Amino acid sequence: MNQAVQTSLHLANAQIKQYSRRVVSVVCIVLIGLTFATPAAAQSEVGSGICGTPLAETINQGAPLVVGTLMISAAILSYTLHTAAAFPKDPQAVQSFKNWRNRAGISAVTTPLFAVIIEMFIGFTGTSTAECISIVPFF
């Protein structure tokens with residue numbers, strides 16, 4: 001391998017490690033917040049007006065559809081780019097395909113994780129909205 005390819009691989013690995021550290025940190029902070037979050041008595045009745053309404057049903061059907069479509073599309077794109085990386089003879093073109101493949105693979109994994117985090121943040125408000133709205137697909 002030439003020096004430029006090694007340098008770009010080293011930088012990509014460093015970015016992936018930095019990104020994974022951030023994700024782990026956010027997850028740890030969210031879990032710690034879950035253990036100490038308790039709703040006030042007046043807050044539990046604030047979001048109850050949305051439960052059972054057409055707005056709640058639209059969110060419950062639309063949001064998981066969007067998140068699931070993004071997740072599955074990114075997985076298919078990642079697989080397609082993985083296959084496409086085998087065809088070019090130019091090493092830079094191969095590396096470009098691999099970089100895009102990695103980005104698509106990361107988004108296929110992180111999309112449902114962000115949906116879980118958003119749903120947790122809705123629960124942090126202490127309202128009963130989190131009990132009747134679900135944006136995470138397949139759960």
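Q: In which helix is Ile 106 found?
A: Ile 106 is found in helix H3. A helix here is a DSSP run of H or I with at least four residues, and helices are numbered from the N terminus. This is a predicted model, where local features need pLDDT of at least 70, side-chain atom pairs count only at pLDDT 80 or more, and totals for chains, interfaces and linings use all residues. Residues are numbered from 1 along each chain as its sequence is written, and side-chain values use heavy atoms, with hydrogens and water left out.

Q: Why is Ile 106 called partly exposed?
A: Its relative accessible area is 32%. Buried means under 20%, exposed means over 50%, and partly exposed is in between (1.4 Å probe, protein chains only). Ile 106 therefore counts as partly exposed.

Q: How far is the C-alpha atom of Ile 106 from that of Ala 75?
A: The two C-alpha atoms are separated by 9.0 Å, although Ile 106 and Ala 75 are 31 residues apart along the chain.

Q: Why does Ile 76 count as exposed?
A: Ile 76 has 51% relative accessibility, so it counts as exposed. Its place is in helix H2, which covers residues 54–84.

Q: How many aromatic pairs does the structure hold?
A: There is 1 aromatic pair. Its rings belong to Phe 121 and Phe 124, with centres 5.4 Å apart and planes at 75 degrees, so the pair is edge-to-face. Rings of Phe, Tyr and Trp (its six-membered ring) pair if their centres lie within 6.5 Å; planes under 30 degrees apart count as stacked, over 60 as edge-to-face and the rest as tilted.

Q: Where do Phe 121 and Phe 124 lie?
A: Both lie in helix H3 (residues 91–124), 3 residues apart, which is about one turn of the helix.

Q: Are Phe 121 and Phe 124 buried, exposed or partly exposed?
A: With 44% relative accessibility, Phe 121 counts as partly exposed. Phe 124 has 26% and so counts as partly exposed too.

Q: How much of the protein counts as buried?
A: Of its 139 residues, 22% count as buried.

Terms used. Helix = DSSP H or I, 4+ residues; strand = E, 2+ residues; numbered from the N terminus.
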